[in-house]
Amino acid sequence: MLVTNPRRINHEQLRILAQNAKGGITHIYLHWTAGTYDQVFDDYHINIGEHGELYLTCKTLREYKSHTWRRNSKAIGITLCCAKDAILAYKCNPVYGAYPPTMLQVEQMAIAVAILCHELELAINDDTVMTHAEAACRDLYGPGQGDPDMRWDLYMLSGMPETRALRPGGVMLRKKALAYLHGMLRDKLLQPHEPKVVQPELLAA
């Protein structure tokens with residue numbers, strides 16, 4: 001469902017939301033809306049506008065949203081506002097038409113993943129952070145698997161700005177997120193987590 005006048009948030013607000021959701025989230029799924037740049041949908045917790053704007057469509061990141069088939073419990077859905085009329089052409093090459101993912105959207109998604117995973121204490125890997133295309137491939141409704149409800153969100157992306165060549169979207173976004181996380185920790189924009197101390201068992205008297 002379309003959202004009118006969505007609430008815009010910044011990175012610090014996103015960090016606080018993630019801190020409040022810690023312990024209740026195990027996965028993050030990455031999408032696009034298949035709409036225009038100015039359409040925000042409430043199927044996702046966070047929408048990202050054409051110029052990297054962050055829009056919140058929930059009160060808490062623990063709120064249940066229907067964004068990824070059979071994978072919505074304890075999961076956050078983040079989406080790019082783009083990809084209206086996009087198609088997969090010959091040999092699964094994407095044709096984006098008038099609303100391709102922008103460089104600012106891709107970078108902002110990676111930053112959001114870095115902040116969320118740090119505050120939620122989730123690793124950034126292909127088990128915890130997946131594009132809808134990757135989740136769909138695992139659940140047999142991805143590109144080339146013959147399902148009429150096939151999903152291919154972020155299946156392939158340009159490696160902006162490093163290269164214009166297409167690369168697997170999930171691999172690229174996770175690599176960018178890890179780089180942003182390391183940079184934010186280095187610049188002390190995020191606080192490192194204290195190492196967990198395992199308490200030794202008390203010896204029987």
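## Aromatic pairs

The structure, which is a predicted model, holds 5 aromatic pairs, where the rings of Phe, Tyr and Trp (its six-membered ring) pair if their centres lie within 6.5 Å, with planes under 30 degrees apart counted as stacked, over 60 as edge-to-face and the rest as tilted. One of them joins Tyr37 and Tyr99, whose ring centres are 5.2 Å apart and whose planes stand at 75 degrees, so this pair is edge-to-face. Tyr37 belongs to the loop between β2 (27-32) and β3 (46-48), and Tyr99 to the loop between β7 (94-95) and α2 (103-120), so the pair ties together parts that are 62 residues apart in sequence. Helices (H or I, at least four residues) and strands (E, at least two) are DSSP runs, numbered from the N terminus. Tyr37, at 16% relative accessibility, counts as buried, while Tyr99, at 26%, counts as partly exposed; buried means under 20% relative accessible area, exposed over 50% and partly exposed in between, with a 1.4 Å probe and protein chains only.

Another pair is formed by Tyr96 and Trp152, whose ring centres lie 6.2 Å apart with the planes at 20 degrees, so the pair is stacked. Tyr96 is in the loop between β7 and α2, and Trp152 is in the loop between α3 (132-138) and β9 (156-158), so this pair ties together parts that are 56 residues apart in sequence.

An open sheet is formed by 6 strands in the order β1-β4-β3-β5-β2-β8, with mixed pairing; two strands pair if DSSP finds at least two bridges between them. The edges are taken by β1 (7-9) and β8 (129-131), each with a single partner strand, so one side of each is left without a neighbour in the sheet. From one strand to the next the twist averages 30 degrees, with axes as lines fitted to C-alpha atoms, for helices over the stretch in contact, and angles running from 0 to 180 degrees between N-to-C directions.

## Strand β2

In β2, 5 of the 6 residues are buried, so this strand is largely enclosed by the rest of the structure. The pairing of β2 with β5 is parallel and extends over 6 bridges, with Ile28 having Ile76 of β5 as its bridge partner. Strand β2 also runs parallel to β8, to which 3 bridges join it, and here Leu30 stands opposite Thr131 in β8.

## The loop around Pro143

Pro143 is found in the loop between α3 and β9 and, at 11% relative accessibility, counts as buried. Leaving aside neighbours within four places in sequence, Pro143 is in contact (heavy atoms within 4.5 Å) with Leu88, Cys92, Cys137, Met150, Arg151, Trp152 and Tyr155. The C-alpha atoms of Pro143 and Gly52, which are 91 residues apart along the chain, are separated by 27 Å.

## The protein as a whole

The secondary structure comes to 4 helices and 10 strands, and from the N terminus on the elements run β-α-β-β-β-β-β-β-α-β-α-β-β-α. Of the 205 residues, 48% are buried, and residues 24 or more positions apart account for 65% of the contacts with a separation of 6 or more. The C-alpha atoms fill a box of roughly 70 × 35 × 35 Å, taken along the principal axes. For 205 residues, a compact globule would have a radius of gyration near 17 Å, and the protein has 18 Å, which agrees; the radius is taken over C-alpha atoms, and the globule rule is 2.2 Å times the number of residues to the power 0.38.

## Basis of the values

Residues are numbered from 1 along each chain as its sequence is written, and side-chain values use heavy atoms, with hydrogens and water left out. As this is a predicted model, local features need pLDDT of at least 70 and side-chain atom pairs count only at pLDDT 80 or more, whereas totals for chains, interfaces and linings use all residues.
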